[in-house]
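Let's take a look at the salt bridges in this protein. Where do the charged partners sit, and how do they connect?

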Amino acid sequence: MSQVTQDRSAAANVVGRLSFLDRFLPLWIFLAMGLGIGLGYLWPGIATVLDSARIDTVSFPIAVGLLWMMYPVLARVKYEELGKIRSAGKMFTLSLIENWIVGPLLMFVLAWLLLPDLPEYRTGLILVGLARCIAMVLIWNMLADGDNEYCAVLVALNSVFQVLVFSALAYFYLTVLPGWLGLGAGQAVHIEFWDIAKSVFIFLGIPLLAGIVTRYVGLKTRGKEWYDGVAMPKLAPTALLALLFTIVVMFSMKGEVILTLPMDVVRIAIPLLAYFGLMFGGSFWLGARLGLKYQETATLSFTAASNNFELAIAVAVGVFGIASGQALAAVVGPLIEVPVLIGLVYVALALKDRMFQADKPARISG
């Protein structure tokens, strides 16, 4: 069998292994946007109704959607795996550098280079770059035959780090660093640190605590096999349903205004495409250069290239409002990320035999 045929065979079932919701997520997001715009056009008073009750600065229906789309993701995280960090300190250090230094800095640079005249969208993209992936990366890593144990630990580690550093990094990249560099001639968006911290506490802290409690109670009462094999497959899809509900409500409140912004979506997409390609390609090259196994390299690459768009949307809505350009930029994130990351799964599988010796399934090692 030729190498090309083997590559095609290895990748042929990638999309087929995705759930129905995951496989067509960009389509569902487009349909949710359209439904929301239609509701806003046909019922002009819907924004007043939806905004009549609030949690902090966010309308109650939006807040419920934001909280719920984070909760299943965080209930799925294997926090008990964090103890394995000690056995692979070098690998986890490399991943933390990529996730919390290289990734945010790269998105900052791309946003300023490619959106110098659009500060709201630029800010939304920087928030996307700061929100490290804790959900869909598990799917991309599995499809690419990465190391699932290593990925589980990284997801747990990123969950903890997001609570600890997201607010500080967002304030630094949105307010402090542009001021130091003299960027934007007044276009830099200045926000208060506590505005970000409050949104992170509400929309990440609350579901994180709920997720930890849910996992602890589930494992103690019903066991790991039931929790991961039965409960989570039923709960996980509700996160995407909550995302779609949130998008419908968001766009119903914006109404027909969105119809005037089709080229803005294209402008937002360009730095996102560059970001995903550079983060994945750079990580894959680095893994090969350092002599890592394919499974470790694939996991490193997908965790570096993926983002937690749920958190970015929540913070953008909480800090800047439902009708803000920041929120629109965050919503465009999953539209671009999902098809691009599916494509990168194929790329990883195609490069597996070309760049690596045949590896046995890797496990966390020192």
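A residue counts as partly exposed when its relative accessible area lies between the buried range, under 20%, and the exposed range, over 50%. Aspartate 117, at 43%, is therefore partly exposed. Keep in mind that this is a predicted model.

Aspartate 117 has a salt-bridge partner, arginine 267, and their closest N and O atoms are 2.9 Å apart. This pair ties together distant parts of the chain, 150 residues apart: arginine 267 belongs to helix α13 (residues 262-289), while aspartate 117 is in the loop between α6 (89-114) and α7 (119-130). Arginine 267 is partly exposed too, with 29% relative accessibility.

Now for aspartate 228, which pairs with arginine 215 at 3.1 Å, N to O. Here aspartate 228 sits in helix α11 (residues 224-235) and arginine 215 in helix α10 (residues 193-222), 13 residues apart. Aspartate 228 also forms a salt bridge with lysine 224, again at 3.1 Å, N to O. Those two are four residues apart in helix α11, so about one helical turn separates them. Which residues end up in one network? Salt bridges with shared partners join Glu80, Arg215, Lys224 and Asp228.

| Residue | Relative accessible area | Class |
|---|---|---|
| Arginine 215 | 1% | buried |
| Aspartate 228 | 26% | partly exposed |
| Lysine 224 | 40% | partly exposed |

Arginine 215, at 1%, is buried because its value falls under 20%. How many salt bridges are there in total? The count comes to five.

Methods:
Residues are numbered from 1 along each chain as its sequence is written. This is a predicted model: local features need pLDDT of at least 70, side-chain atom pairs count only at pLDDT 80 or more; totals for chains, interfaces and linings use all residues. Side-chain values use heavy atoms; hydrogens and water are left out. A salt bridge is a side-chain nitrogen of Lys or Arg within 4 Å of a carboxyl oxygen of Asp or Glu. Buried means under 20% relative accessible area, exposed over 50%, partly exposed in between (1.4 Å probe, protein chains only).
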